[in-house]
Amino acid sequence: MKTFIGIDLGSTTTKAVLLDENAQILGRGITNSRSNYETATRVAKLEAMVDTRLTLCRRQLKTDVPELQENLDEFLTRLELGFRCEQFVEQLNDLESTCIDQVTGERFAGQETAVTDVLASVFDTLRGEAPAMFAPGAQRMSDFFRDIAGSRYLTVAEQTAKQAGVSYELLLNVYDKSIIEVENRPPSEDMSGKFLRSLEQLVRNAPEFGIEAQTVEASVKGALDIELEEAYLVGTGYGRVTLPFSKEHIRSEILCHGLGAHMMYPGTRTVLDIGGQDTKGIQVDPGGIVENFQMNDRCAAGCGRYLGYIADEMKMGLHELGPMAMKATRTVRINSTCTVFAGAELRDRLALGEKREDILAGLHRAIVLRAMSIISRSGGIRDQFTFTGGVAKNEAAVRELKKLVKENYGEVTININPESIYTGALGAATFAHRALNEGSIAR
Amino acid sequence: MTVITTSRAKRPAQEAAKDDSMLKQKTMMAGHYDRLTSARERGQKVCSTFVPGNLNELILCFDMANNLPEVNAIQNGLRKKSGQYVMEAEKLGHSEDVCTYVKSDIGMMAKGNLAPNGKPFPDPDLLLLSYTGCFTFMKWFELLREQYKCETIMLHTPYEGDGKITDNMREYMVKQLKEEVIPKLEKVSGVKFDIDRLRENLRRSAKAEDDLVYVLQTAKNKPSPIDAYFGGIYYIGPIFGAFRGTDDAIDYYQTLRAEVQDRLDNGRGPVTPEGDMGEEKYRLVTEGPPNYTSFRDFWKMFYDEGAVVVASSYTKVGGVYDFGFRHDPDRPLESLAEYCLGVYTNRSLPQRVDMLVNYVNEYQADGLLINSIKSCNSFSAGQLLIMREVEKRTGKPAAFVESDLVDPRYFSAANIKNRMESYFQMVDQKRSGSSTAGEAA
């Protein structure tokens, strides 16, 4: 099967989208950009491949195992969890052997065996915890290996070291030296093996699906065996120039956002994207071709980073800002959208006795006002209007945007896709699809 | 074509390719600064004036040297000196939002007022405010008058609000020339006005102007043998500066014309700092001045992509010649009046739109690019409206980038490059006419 890949190398996260020959989405993958776009690209692509295999399994199982239909979603979720658990254990093994390799030199003199024993014990514990961590319904703080493994390693290592009378510092040292290396080493290529082991567990331990093992295994194996050919790849986003992509494999994120928004909502004529470091107002024609765009060249006031700064100032999580602002009973007027001044504005209003939620409502309104100014420069809002980027996930920003759109442009359909973070990658993948299928480079 | 090495502080030496006309101009400019800085010892009087509405032919009639503070600011921008001058001016109390030509000039004065040859500029004997369409010019000379306590002339140029020059406007300008400008020039210089001398100067101007227009219009060819924005800055140098009305200018434009003709005959593209431009992929019209502190970096963003500017409004700020206007020895004062009234920034927004639409069509351009200058309201006000109107009337895509004249702090290379790349890809999309983007959906 031919696949078409779009990679969006953002400043915070790297996203990948895979399309099939009919330009249908096969899979999506995301990872942190970790200042290493080459690795980020590899990992995001691999994640999208995992998602792709699940899509293919879904398609195959739909045809082959009709009795599974009602429980298909649950079945695939469990299959994925099993896969994630396998992958997690594989990375733990990698981390363990990498840590052991670090136990050398003067610092460890005479303690090599003790430290190695503690490491073995710590990793045994972590491996033991894995199945529960990936059990259905279990909450994980993050999907990134570094976050999950890191927090547990530090806790378990501290206890184990204490019991064994080994310095915790030494265990921290080997971990710090190893984690980046392991994180930047994508899991092994044996994806099918991990899926099949997960399936084996699932069939053995979950009689509730009431399925015939052989049929399901044959079906899933069929999906896993489909050969995926990387027919064309297009990269976009700020990191695109740092990658060894040739010119015809690079598209600007403005064009990719325009086309991606069009693919999600074909009626889109205006796109607003508020990302971490810039705000784009894009006008597209009925075919998704960019007609005009405006961005801010001289100042980045009012971008997503502004909210991050506010969150730090208020000692809150970024995702907590929106919900708190939603509780506001009034909107405090904030004029400055300068990220650095925001802190001063905030403290000033607090000193005047304003409530935090009311101030936050004002800050959200301020960034949306700034975005409205950029959109109006690009030609205003036309029906339909699609809002993308990280800030589109913030309900308070969305509420202000809806108000201001109505005040200024009347009734307009506003589209916000839960997968809007993949808009740029989807546009890039569509360019890749067109590049090959229209016989010329995607224009 | 000769390759010379430019010396640049803190940068590895880079070889900049230059055509012979560029080298000739370099020599001319060096001569100009040597004449200016030695004016006092030679007993020559000095007149400071502006590029728009520059009355060089008249100034020459009084044996005065012409000093142009805007050109000095540009020189300082190109030579990476303007940044420190702008900061110096801010230290003296000039706000961040003031025109950076002004601040570069004020800062330069505070730092010894040195010309590019390292010698101090002479104090002006006369400030000739030749163009009032830019209010900042007036304030600029107010500051200089305070500093130098010298004679000042203000020539009031009515704005072409209705899109045309009326008899009244022309007569009003001629009256000012007769009653205000010429008598003061006589008084300061001690030279009696000779209208025949003016006619001779104007005759020489018209000759050079013919060649300039020929050169600019060669860009109608595909591929264009010139770049009418970055290259255009060189081409307008002598005629916008201190050389209009001189034999030097005639020589320069003859050389230039022959050189461009040779490029045209041989199917060669424009000269760039890295040699001849490769394949011409995009033809653009630009509106607004360039950025001078990152001039080469900005230019590179164009020629690396195969983009050539075929027409620009900026190369018309010191006079619009391509629609037929010429200095006319038979109507000396009237034609000077018409010249002043007709400069690009004195034209109404509809006139500017007409001009840009005409350029996009006549020069078969792919679209319009606006470089909006932070500290120049004369240019920037109304540019978004201009952009939309040109888009509407030509059906060609436009783009908008922001930077500044000579303040290096307002040139964000990564962001501008990103916009430019996006714009070129947008032009590609438009050109292939693919309304098929969504077909795969």
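Residues are numbered from 1 along each chain as its sequence is written, while chains are lettered from A and ligands numbered from 1 in the order in which they are written. Since the model is predicted, local features need a pLDDT of at least 70 and side-chain atom pairs count only at pLDDT 80 or more, whereas totals for chains, interfaces and linings use all residues.

The model scores ipTM 0.73 and pTM 0.82.

Helices (H or I, at least four residues) and strands (E, at least two) are DSSP runs, numbered from the N terminus, and two strands pair if DSSP finds at least two bridges between them. Five strands of chain A form an open sheet with mixed pairing, in the order β7-β6-β5-β8-β9. At its edges are β7 (290-294) and β9 (414-415) of chain A, each of which pairs on one side only. Strands β5 (residues 270-274) and β8 (residues 385-388) of chain A run parallel and are joined by four bridges. Thr270(A) has Phe385(A) as its bridge partner in β8(A).

Two helices lie across strands of this chain. Helix α8 (residues 253-264) of chain A lies across β5, β6 (279-284), β7 and β8 of chain A, at about 60° to β6(A). Helix α12 (residues 356-378) of chain A lies across β5, β6 and β7 of chain A, and runs at about 35° to β6(A). For these angles, axes are lines fitted to C-alpha atoms, for helices over the stretch in contact, and the angles run from 0 to 180 degrees between N-to-C directions. In the loop between α12 and β8 of chain A lies Gln384(A), which a cis peptide bond with omega of about 0° joins to Asp383(A).

Chain A also contains a hairpin, formed by β2(A) and β3(A) with five residues between them. Seven bridges join β2 (residues 13-19) to β3 of chain A, and the two strands run antiparallel. Within β3(A), Arg28(A) is the bridge partner of Val17(A). Strand β3 (residues 25-32) of chain A is mostly covered, with six of its eight residues buried. A residue is buried if 20 or more other C-beta atoms lie within 10 Å of its own, exposed if 12 or fewer, and partly exposed in between, with C-beta atoms placed from the backbone. In the turn, Ala23(A) has a positive phi of about 60°. Ala23(A) counts as partly exposed because it has 19 C-beta neighbours inside 10 Å.

Where the two chains meet, 28 residues from chain A and 29 residues from chain B take part in the contact. On the side of chain A that touches chain B, α8, β7 and α14 (423-437) of chain A each supply at least two residues.

In chain B, helix α4 (residues 69-78) is mostly covered, nine of its 10 residues being buried. Among the buried residues of α4(B) are Val71(B), Ala73(B) and Ile74(B). Their cover includes β3 (46-49), α5 (82-91) and α6 (100-110) of chain B. Lys80(B), in the loop between α4 and α5 of chain B, has a positive phi of about 60° although it is not a glycine. Lys80(B) is partly exposed because 17 other C-beta atoms lie within 10 Å.

Elsewhere in chain B, the peptide bond from Lys222(B) to Pro223(B) is cis, with omega near -5°. Pro223(B) lies in the loop between α9 (195-217) and α10 (230-240) of chain B. The buried residues of α17(B) include Ile416(B), Met420(B) and Phe424(B).

Conventions
Contact = placed C-beta atoms within 7 Å.
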